[in-house]
Amino acid sequence: MEAVPTFPEIQEAVTSDDSHPLHDFTVIYPQQVEWGDMDTFGHVNNVVYYEYSQNARIYYNRRLGLFNEKTFSVMAASSCRYLTPVAYPDTLWIGVKVKKIGNSSLVHEYTYYSTALKKVVAIGESVLVYLDKLSGQKKPIDETQKEAIAALESIDQEA
């Protein structure tokens, strides 16, 4: 599997605090809020959260080596619930995890934590389906990848 750097300073801050809202996430992606992410109302536009979750999901998938030359993925569903507006400057720590492993799909969960506001500002979920690049048909996630995800997330694959 491809080695992707982790962010030890974030992991240390989160794991040292049992009450931190990202404590149960093994993968946390830091996302800078940029000036251009805001809309005319002076906060991050709701659509930008989907780009943030995409960045976190790609980071997660690279960590586990889920990309290869014969497979691509499509978004089957996504949602985001906004709890508190965020504005520039800020850094969001996005906890991302797989909460369900399907035959050819993964359900990801996201928690967006504002380092400026010191609280969770949004939560989301997505369903990612893997397809074969040549046929365009659903492609099962191989057992090695499923085992790596289950081990990282402590998921019981039998459930």
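Let's start inside. This is a predicted model. Four elements each supply at least two residues of the lining of the largest cavity: helix α2 and strands β2, β4 and β5. β4 covers 105–114, and β5 covers 119–132. The volume of that cavity is about 30 Å³. How many cavities of 30 Å³ or more does a search of the whole structure find? One.

Now the residues around it. The lining of the largest cavity includes Y50 and S53. S78, S79 and C80 are there as well.

A word on the method. Rolling a probe the size of a water molecule over the atoms shows where empty space is left.

Next, the largest pocket. About 170 Å³ of space lies in it. Which element gives the most to its lining? That is α2, with six residues. α2 runs 48–63, and both α2 and β2 supply at least two lining residues each. The list goes like this: Y50, S53, Q54, R57, I58, N61, F67, S73, M75, S78 and L128. Five of these are nonpolar, five are polar and one is charged.

R57 sits in helix α2. Is R57 buried or exposed? It is buried, yet it has no salt bridge. The nearest side chain of opposite charge belongs to E51, and that is 11 Å away. A salt bridge needs the nitrogen and oxygen within 4 Å. So what does R57 touch? Leaving out residues up to four places away in sequence, R57 touches M75, H108, Y110, S126 and L128.

On to the salt bridges. The count comes to two. In one, K99 pairs with E125, and the closest N and O atoms are 2.7 Å apart. This pair links distant parts of the chain: K99 is in strand β3, residues 90–101, and E125 is in strand β5, 26 residues apart. K99 is partly exposed, because its relative accessible area is 43%. E125 is at 29%, so E125 counts as partly exposed too.

How exposed are they? E143 has a relative accessible area of 48%, so E143 is partly exposed. K146 comes in at 10%, so K146 counts as buried.

Now two single residues. Take V27, in the loop between α1 (8–15) and β1 (28–33). V27 is buried, because its relative accessible area is 0%. What does V27 touch? Setting aside residues up to four places away in sequence, its contacts are Y59, Y60, R63, I94, G95, V96 and L152.

Compare A76, in strand β2, residues 71–82. Its relative accessible area is 55%, so A76 is exposed. A76 touches V127 and V129, again not counting residues up to four places away in sequence. A76 and V129 are 53 residues apart in sequence, but 6.5 Å apart in space, C-alpha to C-alpha.

Last, the backbone. Most residues other than glycine have a negative phi, and most peptide bonds are trans. Where does this model depart from that? The peptide bond from Y88 to P89 is cis, with omega near -5 degrees. P89 is in the loop between β2 and β3. Then look at K118. Its phi is near 60 degrees, a positive value in a residue other than glycine. K118 lies in the loop between β4 and β5. With a relative accessible area of 57%, K118 is exposed.

That's the tour. Happy to go back to any of these spots.

Conventions:
Residues are numbered from 1 along each chain as its sequence is written. This is a predicted model: local features need pLDDT of at least 70, side-chain atom pairs count only at pLDDT 80 or more; totals for chains, interfaces and linings use all residues. Side-chain values use heavy atoms; hydrogens and water are left out. Buried means under 20% relative accessible area, exposed over 50%, partly exposed in between (1.4 Å probe, protein chains only). Contact means heavy atoms within 4.5 Å. On a 1 Å grid over the protein atoms alone, a cavity is a set of points where a 1.4 Å probe fits but cannot get out, and a pocket is an open set with protein on both sides within 12 Å along at least five of seven lines; lining residues have an atom within 4 Å of a point. Grid points are joined across faces, edges and corners, and a volume is the space filled by probe spheres set on the points. Ala, Val, Leu, Ile, Met, Phe, Trp, Tyr, Cys and Pro count as nonpolar, Asp, Glu, Lys and Arg as charged, and the others, Gly among them, as polar. Lys and Arg count as positive and Asp and Glu as negative; His and the chain ends are not counted.
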